[in-house]
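Hi,

Here is the structure I said I would pass on to you.

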Amino acid sequence: MFIDPQTAPGFKRSIFNALVAPRPIGWISSLSAGGKANLAPFSQFNLVSTSPPVVMFACNTPEDRAEKDTVANVRATGEFVVNLVSWDLLQAMNATSAPLPHGVDEFEHARVVKEMSVMVKPPRVAASPANLECRVIKIVQIEPEFPGETASTVVFGRVVGLHMKDEFIDAEGRFDTFKARPVTRLGGLQYGALGEVIEVASAFRKRQ
Ligand SMILES: Cc1cc2nc3c(=O)[nH]c(=O)nc-3n(C[C@H](O)[C@H](O)[C@H](O)COP(=O)(O)O)c2cc1C
């Protein structure tokens, strides 16, 4: 089957979520200009680069407002925190995706405990195995081109501080991703956990 997403009648854009999966979830905490905390999950999220250390997340245009609270907040304050969603935090993470009015604190709504950040003002999720404190470096607007499309806002942040709970650091000082049990997003309402993990000898060689 081949589909031209620009012209196919009744094409459902949500199919992209099933095709590009599993996706990590960036659980983004931010502060409004007035200092109210906000927390929301984004699976259009990833690490872009390790040097400089940069992450991104993308927001769709909501139907009821010009932009989602997270985007409005990071525009206003230039800061956010990425909180790792471990399996035990799945329900709380999902609860924070509710479309609550601007200024309502999803930490309180989902009973998620806050902890102070070090380099940025937004609080972080105390129970997350890891948190990345970020400073916004670029916000890119992707404009719609075809009927039925809406704009998307991509936020890039430089990691300026990272927290890892000691229990997830192994004997060699590496972060044990498997032990942290990160939740991943598939298509529809599906989530996935990590399956089998293997190590493969690197084929990458630096030129002499
Ligand atoms: C697992 C999960 C992943 C999500 N990923 C995205 C995403 O990548 N982009 C997006 O715009 N919304 C995404 N959403 C929906 C937002 O979390 C939701 O619109 C939320 O209310 C936004 O909050 P805010 O207005 O406080 O920023 C996701 C929801 C869930 C449950």
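**What I found**

R181 counts as partly exposed, because 17 C-beta neighbours lie inside 10 Å. One thing to keep in mind as you read: this is a predicted model.

Let's stay with R181 for a moment. R181 sits in the loop between α5 (177–180) and β11. Its phi is positive, about 50°, even though R181 is not a glycine. That is worth a second look, because most residues other than glycine have a negative phi. R111 also has a positive phi without being a glycine, and the value there is near 55°. You'll find R111 in the loop between α4 (106–109) and β7 (114–115). Is R111 buried or exposed? R111 counts as exposed, because it has 8 C-beta neighbours inside 10 Å.

While you're looking at the backbone, check two proline spots. The peptide bond between A21 and P22 is cis, with omega about 0°, and P22 belongs to the loop between α1 (15–19) and β1. S51 and P52 are joined by a cis bond too, again with omega about 0°. P52 is in the loop between β4 (45–50) and β5.

Now the strands. β1, β11 and β12 make an open sheet, in the order β1-β11-β12, with antiparallel pairing. Its edge strands are β1 (23–24) and β12 (191–192), each of which pairs on one side only. β11 (residues 184–185) is joined to β12 by two bridges, and R185 has Y191 in β12 as its bridge partner.

Elsewhere, β9 is the strand to follow. Strand β6 (residues 79–83) runs antiparallel to β9 (residues 130–142), with five bridges joining them. In that pair, V81 stands opposite E133. β9 also pairs with strand β10 (residues 152–164), in the antiparallel sense and over 12 bridges. There, V140 has V154 in β10 as its bridge partner.

Also in β10 is H163. Why does H163 count as partly exposed? A residue needs 20 or more other C-beta atoms within 10 Å to be buried, and H163 has 19, so it is partly exposed. Beyond its neighbours within four places in sequence, H163 is in contact with R124, A130 and N131.

What about the inside? The largest nonpolar core has 30 residues, and W27, I28, V81, V82, V85, M93 and C134 are those with the most contacts inside it. At least two residues each come from β2 (26–31), β3, β5, α2, β6, α3 (90–95) and β9. Take V82: leaving aside neighbours within four places in sequence, V82 is in contact with G26, W27, I28, V55, N131, L132 and C134.

Last, the ligand. Which of the 17 residues around it come nearest? They are A40, Q44, K68, D69 and T70. The elements giving two or more residues to this shell are β3 (37–42), β5 (53–60) and α2 (69–77). β3 has the largest share, with four residues. By type, the shell divides into seven nonpolar, seven polar and three charged residues.

Happy looking!

Note on methods. Residues numbered from 1 in each chain as written. Predicted model: local features only at pLDDT ≥ 70, side-chain atom pairs only at ≥ 80, totals over all residues. Near = placed C-beta within 6 Å. Nonpolar A, V, L, I, M, F, W, Y, C, P; charged D, E, K, R; others polar. Pairing = 2+ DSSP bridges. Buried ≥ 20, exposed ≤ 12 C-beta atoms within 10 Å, placed from the backbone. Contact = placed C-beta atoms within 7 Å. Core = buried A, V, L, I, M, F, W, Y, C linked by C-beta atoms within 7 Å.
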